[in-house]
Amino acid sequence: MSSVQPLRPPLKIALLGCGVVGTEVVRLLHEQADDLAARVGAPLELVGIAVRRKDKRREGVPPELLTTDATGLVTRPDVDIVIEVIGGIEPARGLLLDAMKSGKSVVTANKALLAEDGATLFGAAREHGVDLYYEASVAGAIPLLRPLRESLVGDHVHRVMGIVNGTTNYILDKMDSSGAGFTEALEQAQALGYAEADPTADVEGFDAAAKAAILAQLAFHTRVTAADVHREGIADVTSADMASARAMGCVVKLLAICQRVPSEDGRNGRGVSVRVHPVMIPRTHPLANVREAYNAVFVEAQSAGSLMFYGAGAGGAPTASAVLGDLVAVARNRVHGTRGPAESTYADLPVLPMADTVTRYHVSLDVADRSGVLARVADVFADHGVSIQAVRQEGHGEEAQLVIVTHRAPDGALSATVEHLRDQEIVREVASVMRVEGDE
């Protein structure tokens with residue numbers, strides 16, 4: 001007697017968007033149809049693909065499935081699951097809300113929408129009793145969100161810190177390894193297809209900030225939006241910064257850093273800190289060796305300890321892999337009449353301002369080369385309650401430069417120190433300011 005259970009009627013899938021990721025989703029649905037059916041317990045049938053232009057040539061995409069009527073597709077009575085890979089806020093938000101109102105479960109890769117208005121989407125999923133899955137919204141193929149949402153749900157996550165944008169990691173890696181300047185490294189990234197013609201979302205940190213908001217919300221059970229994230233990009237990182245980092249045994253990375261800030265009694269969270277900016281990290285840190293356009297995220301939890309998730313963070317096939325993983329999970333839920341985990345925001349911790357975040361600074365000062373300069377600079381740091389960990393002088397005369405690394409202090413105090421230094425007649429220029437992560 002065969003142990004194979006008969007398959008149920010097909011689950012019907014609608015796809016919004018057919019660009020690089022969408023085309024790969026279509027390919028995988030076709031090539032892996034039998035395996036996917038066996039894993040779900042029902043065939044997955046793609047019944048429509050919403051696009052802006054039907055006449056555009058798309059390799060391997062059946063033209064008869066294409067439609068420009070996205071609203072009609074997501075509200076079709078026979079559609080069970082909607083996959084959204086068009087990105088942006090609108091029309092994606094309206095289409096997904098229409099889909100959920102019509103009883104469809106949703107799989108999305110839309111980090112910008114989730115970070116800006118996830119509350120509305122999660123509310124609609126809850127109201128209409130459907131699933132909302134979004135693994136592909138952060139770090140491409142890397143299984144990261146589901147471990148935070150499910151595998152670590154019984155643990156206490158302290159910090160999530162990682163490289164979540166491949167474009168900026170490629171640029172900084174080339175600046176470090178080849179000595180290229182920012183502009184040259186960006187041009188290389190664009191030539192290889194790692195950076196868009198307009199790279200603003202990547203190099204100014206908007207992409208990473210949206211992902212940081214999603215990570216923080218999952219890790220700390222607290223609603224976080226992109227507007228809550230302190231954001232700085234990499235356009236001002238110079239070859240001199242790279243050289244200073246190298247002299248310290250560090251490398252420069254654009255990191256998303258999400259931390260639970262404990263209260264004074266240590267038992268409850270005082271709040272969460274969520275930030276994206278360039279940092280110097282020791283070359284011995286696991287994130288320091290993440291090269292090229294790869295992503296990696298370091299998670300620190302009370303019982304699990306330190307975990308690292310590494311892999312391809314973008315691209316058609318890797319992102320489609322994450323989409324298909326979510327699709328299988330959602331389809332299984334439909335087959336068995338269940339739902340996946342809902343949004344968890346019970347902790348409701350405040351998002352603390354950047355000024356309250358405790359961090360370290362690396363400051364390079366062009367100074368007058370005369371006696372008493374170091375003492376006067378040290379007095380400025382002391383005036384703001386900032387302790388100096390290390391100091392060195394480079395060059396003499398007109399080339400004199402002080403490089404100072406601080407101990408940990410509130411970012412507001414560090415920022416006020418730098419502004420005070422700018423007003424000192426002995427300081428010709430504050431040449432560079434960068435935060436430092438890793439053990440002191």
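How many nonpolar, polar and charged residues does the lining of the largest cavity have? The first close-up gives the answer.

This is a predicted model, where local features need pLDDT of at least 70 and side-chain atom pairs count only at pLDDT 80 or more, while totals for chains, interfaces and linings use all residues. Residues are numbered from 1 along each chain as its sequence is written, and side-chain values use heavy atoms, with hydrogens and water left out.

**View 1. Here is the largest cavity, with a volume of about 70 Å³.** A cavity is a set of points, on a 1 Å grid over the protein atoms alone, where a 1.4 Å probe fits but cannot get out, and its lining residues have an atom within 4 Å of a point. Grid points are joined across faces, edges and corners, and the volume is the space filled by probe spheres set on them. The count comes to two cavities of 30 Å³ or more. Around the largest one you'll find Phe122, Ala125, Arg126, Val130, Asp131, Leu132, Arg339, Gly340, Pro341, Ala342 and Glu343. By class, that makes six nonpolar, one polar and four charged residues. For this tally, Ala, Val, Leu, Ile, Met, Phe, Trp, Tyr, Cys and Pro are nonpolar, Asp, Glu, Lys and Arg are charged, and the others, Gly among them, are polar. Helix H5 (residues 111–128) gives the most to this lining, with three residues. Helices (H or I, at least four residues) and strands (E, at least two) are DSSP runs, numbered from the N terminus.

**View 2. Next comes the second largest cavity, with about 40 Å³ of space.** Its lining is made up of Tyr133, Tyr134, Glu135, Leu145, Arg146, Arg149 and Asp326. Three of these are nonpolar, none is polar and four are charged. Helix H6 (residues 145–151) supplies the largest share, three residues.

**View 3. Ile89 and Pro91 both show up in the loop between strand E4 and helix H4.** Strand E4 covers 81–84 and helix H4 covers 92–101. Glu90 and Pro91 are joined by a cis peptide bond, with omega at about 10°. Look at Ile89, too: from C-alpha to C-alpha, Ile89 and Leu113 are 5.1 Å apart in space, yet 24 residues apart in sequence. Setting aside neighbours within four places in sequence, Ile89 is in contact (heavy atoms within 4.5 Å) with Ala112, Leu113 and Glu116.

**View 4. Ala139 has a positive phi, near 65°, without being a glycine.** Is Ala139 buried or exposed? Ala139 is at 1% relative accessibility, so it counts as buried. Buried means under 20% relative accessible area, exposed over 50%, and partly exposed in between, using a 1.4 Å probe and protein chains only.

**View 5. His221 is another residue that has a positive phi but is not a glycine, here at about 50°.** His221 sits in the loop between helix H10 (206–220) and strand E8 (230–231). With a relative accessible area of 12%, His221 is buried.

**View 6. Ser273 has its place in strand E10 (residues 269–282).** Ser273 is buried, with a relative accessible area of 2%. Its side chain makes a polar contact of 3.1 Å with the side chain of Thr357. A polar contact is a pair of N or O atoms within 3.5 Å; within protein, one must be able to donate a hydrogen and the other to accept it, and residues adjacent in sequence count only if both atoms are side-chain atoms. Not counting residues up to four places away in sequence, Ser273 touches Ile257, Cys258, Gln259, Val261 and Thr357.

Notes: On a 1 Å grid over the protein atoms alone, a cavity is a set of points where a 1.4 Å probe fits but cannot get out, and a pocket is an open set with protein on both sides within 12 Å along at least five of seven lines; lining residues have an atom within 4 Å of a point.
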